[in-house]
Amino acid sequence: MNLHDLFAIPLAEAPARAALRFREADGRTTAFSYAELFAAAERTAAGLAACGLGRGDRIAFFLGNRPELVIAYLAAIRLGAIVVPINLAYRKVELGH
């Protein structure tokens, strides 16, 4: 069982319930229900698959703590891909390595 599977349980039980809330820099709050979160992850997974990514492939994430990170992570594990997080604080020389 992975995180995608764990999110699927409340999706089946309460799809309209809030799965993710994020406070924007301007103070607004963005919320995703389980249904919205899964729909976004499925769209992202389809896009990644169309680019040829799939099970066992590595996907580097250079993303901050935002809803897009959660969506991309769920999409990657949906495909069976391996997520490689990259620290946003890395400098150009470190990223080049």
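## Close-up views of a predicted model

**View 1. Glu24 and Arg66 meet through their side chains in a polar contact of 3.4 Å.** Here, a polar contact is a pair of N or O atoms within 3.5 Å; within protein, one must be able to donate a hydrogen and the other to accept it, and residues adjacent in sequence count only if both atoms are side-chain atoms. This is a predicted model, in which local features need pLDDT of at least 70 and side-chain atom pairs count only at pLDDT 80 or more, while totals for chains, interfaces and linings use all residues. Residues are numbered from 1 along each chain as its sequence is written, and side-chain values use heavy atoms, with hydrogens and water left out. You will find Glu24 in the loop between β1 (18-23) and β2 (29-33); helices (H or I, at least four residues) and strands (E, at least two) are DSSP runs, numbered from the N terminus. Glu24 is buried, at 16% relative accessible area (buried is under 20%, exposed over 50%, partly exposed in between; 1.4 Å probe, protein chains only). Beyond its neighbours within four places in sequence, Glu24 is in contact (heavy atoms within 4.5 Å) with Thr30 and Arg66.

View 2. A salt bridge is a side-chain nitrogen of Lys or Arg within 4 Å of a carboxyl oxygen of Asp or Glu, and the whole structure has four. In the one between Arg66 and Glu24, the closest N and O atoms are 3.4 Å apart. Arg66 lies in the loop between β3 (58-61) and α3, and Glu24 in the loop between β1 and β2, so this pair ties together parts 42 residues apart in sequence. Glu68 also meets Arg66, at 3.0 Å from N to O. Arg66 is partly exposed at 34% relative accessibility, and Glu68 is partly exposed at 41%.

**View 3. Arg28 and Asp26 form a salt bridge of 2.7 Å, N to O.** Asp26 is exposed, with a relative accessible area of 52%.

**View 4. Eleven residues make up the largest nonpolar core, among them Phe7, Leu20, Phe32 and Ile77.** Such a core is a set of buried Ala, Val, Leu, Ile, Met, Phe, Trp, Tyr and Cys residues joined through side-chain atoms within 4.5 Å. Helices α2 (34-50) and α3 (67-79) are the elements giving two or more residues to this core, and α2 gives the most, with five. Not counting residues up to four places away in sequence, Leu20 touches Thr30, Ala31, Phe32, Leu37, Pro67 and Val70.
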